[in-house]
Amino acid sequence: MSACAATCGRLIQLCQQLERGTFQNPGVGIWVNELADAGDPLCRELLARAGEEAAGLVSAVADRLSFDGAFVVGAWGSAIVKSAVQLETFKAAVRRRYPQAEVRVAQRDAADGAVDMALAQLNGK
């Protein structure tokens, strides 16, 4: 059975489970990544489009803030960080739009950064 046929079969099973009310989240993101890594063209396309869309969010913010030149883009969250296809597409799309931008996978949670910023503001830094 091809990877594409396997994908369609799994999606049909999920739809049937949803209809019967027996659906339990099977970790769809995990198997989409597994199938993409195995070469499934539909899953690779889905993840590549997600990477492009995420880069579009960067563009919206960078353009609104008039970023010019070098800047750092943080990537975090299990969906983009755990998907090689999505992350590489995202990085390439950001580089295409902003050649001097650097994409980094965050080493800390976004909430940590927000707390750091709030503390710096309170301490007058």
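**Note on the predicted model: cores and helix packing**

1. In this predicted model, the largest nonpolar core has 15 residues, of which Val58, Phe71, Val73, Phe90, Val94 and Val103 touch the most other members. Such a core is a set of buried Ala, Val, Leu, Ile, Met, Phe, Trp, Tyr and Cys residues joined through side-chain atoms within 4.5 Å; buried means under 20% relative accessible area, exposed over 50%, partly exposed in between (1.4 Å probe, protein chains only). Two or more residues of this core come from each of α3 (41-64), β1 (72-75) and α5 (84-97). Helices (H or I, at least four residues) and strands (E, at least two) are DSSP runs, numbered from the N terminus.

2. Beyond its neighbours within four places in sequence, Val103 is in contact with Val73, Ala75, Phe90, Lys91 and Val94 (contact: heavy atoms within 4.5 Å). A second, separate core of 8 residues includes Leu14, Leu35, Ala36 and Leu47.

3. Helix α2 (residues 28-37) packs against α3 at an angle of about 115°, the axes lying 7 Å apart. Axes are lines fitted to C-alpha atoms, for helices over the stretch in contact, and angles run from 0 to 180 degrees between N-to-C directions. Val32, Asn33, Leu35 and Ala36 of α2 meet Cys43, Arg44, Leu46 and Leu47 of α3 in this contact.

4. Gly124 lies in the segment after α6 (110-122) and is exposed, with a relative accessible area of 66%.

5. Residues are numbered from 1 along each chain as its sequence is written. Local features need pLDDT of at least 70, side-chain atom pairs count only at pLDDT 80 or more, totals for chains, interfaces and linings use all residues, and side-chain values use heavy atoms, with hydrogens and water left out.
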